[in-house]
Amino acid sequence: MPLTRLACTHCGHWHLWFEGSAPPQCHVCSDVRNALPENGFRFAGVAEVAAGSRSVCEEVLPGVFGVRSEPQLGLGSTGWVIERADGNVAFEAAPWYDAAAMAFIAARGGLRVASCSHVHGMGALWQLQQRFEPEVPMHVDALGDTKALRVTRPFDDVHEIAPGLVLHHVGGHYEGQCVLHDAAHNALFAGDTLKIDLHPDGRPRALSCHKAFHYRIPLTPAELRRYADVFSRLPFEHVFTPFEHAAGVTREHALALFDRLLAGVPSTEPVMMELLQ
């Protein structure tokens, strides 16, 4: 029976499934870390998503581009493209890439590597793989969410994509969650290790972290210590999540958040930036 790809309209995750039918549920939404759709599951095929989605590409730092879909599909993740002389790298993925977005990436040299932090940033990474044939490194514990694409380079704790561009396994929010440290841009592509509340003008207002955002389940002390251990080795002053870029969030802010949570009762409540100086 032929296979096709279907996007969960609630979270945006792409499933590989049998043509003419749909999965009984989305395993991402059904996980306790995520909310269930109020009106039940619905899945959209490639043709439906393509007809209703437009990609928006913008440069957020010199050499770092964000790609998002309008209108928002699912959680509305942003795909980041890092331009490098030794080959461009995509980290996280938009829910859909239209022809203009593909041409935009191709005009800048295509992609040498494409990866993501965890399932919430996976988006339509399969599209990038089909078009540009990049290496796809992923932590071994994330393989269970990758049915719609093909991981070419499973790794354990650390994977160097290129000098100064390194994937680090942190776990926590998801077992296979990784962060990408970009020394050239003094940036951390942090996945969902941090949730950033922004002021209307885009300035960071507060930080939090969580095992499950919708159900307000905090991280365990061991998970916080793992975050702190990895972050302590990675200087940064820009944070990219699957959903936003925040300038001025530093390693010191993140470590202060983790220390604060380790010293008190576990919590998912946002902590104001001024308390993390």
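Arg 108 lies over the face of Phe 104, with 3.8 Å to the ring centre. That's one place to start in this predicted model, and aromatic rings keep turning up from there: a search of the whole structure finds 13 aromatic pairs.

**Arg 108 and its rings**

- Besides Phe 104, whose face Arg 108 lies over, there's Phe 65: the charged end of Arg 108 sits over that ring too, 5.1 Å from its centre.

**Aromatic pairs**

- A pair of aromatic rings is described by the distance of the centres and the angle of the planes.
- Out of the 13 aromatic pairs found, take Trp 14 and Trp 96: they make a tilted pair, 6.0 Å centre to centre, with 35 degrees between the planes.
- This pair links distant parts of the chain, since Trp 14 belongs to strand β2 (residues 14-18) while Trp 96 is in the loop between β7 (89-91) and α3 (99-107), 82 residues apart.
- Trp 14 and Trp 96 are each buried.
- Phe 91 and Phe 189 go edge-to-face, at 6.1 Å centre to centre and 80 degrees between the planes.
- Phe 91 sits in strand β7 and Phe 189 in strand β14 (residues 187-189), so their pairing ties together parts 98 residues apart in sequence.
- Phe 91 is buried, and Phe 189 is as well.
- Ring pairs also join Phe 91 and Phe 189 with Trp 80 and Phe 240 in a cluster.

**The three-stranded sheet**

- Three strands make up an open sheet in the order β2-β1-β3, and the pairing is antiparallel.
- The edges belong to β2 and β3 (43-45), each with a single partner strand, so one side of each has no neighbour in the sheet.
- On average, neighbouring strands here are turned by 45 degrees against each other, direction ignored.
- Strand β1 (residues 3-8) pairs with β2 over five bridges, in the antiparallel sense.
- If you want one of those contacts to look at, Arg 5 has Leu 16 in β2 as its bridge partner.

**Helix α3, inside and out**

- Ala 101, Met 102 and Ile 105 are buried in α3.
- Looking down the axis of α3, the buried residues fall within an arc of 100 degrees, so they line one face of the helix.

Methods
Residues are numbered from 1 along each chain as its sequence is written. This is a predicted model: local features need pLDDT of at least 70, side-chain atom pairs count only at pLDDT 80 or more; totals for chains, interfaces and linings use all residues. Side-chain values use heavy atoms; hydrogens and water are left out. Rings of Phe, Tyr and Trp (its six-membered ring) pair if their centres lie within 6.5 Å; planes under 30 degrees apart count as stacked, over 60 as edge-to-face and the rest as tilted. Helices (H or I, at least four residues) and strands (E, at least two) are DSSP runs, numbered from the N terminus. Buried means under 20% relative accessible area, exposed over 50%, partly exposed in between (1.4 Å probe, protein chains only). A charge sits over a ring if NZ of Lys or CZ of Arg is within 6 Å of the ring centre and within 35 degrees of the ring normal. Two strands pair if DSSP finds at least two bridges between them. Axes are lines fitted to C-alpha atoms, for helices over the stretch in contact, and angles run from 0 to 180 degrees between N-to-C directions. The arc is that of the directions from the helix axis to the C-beta atoms.
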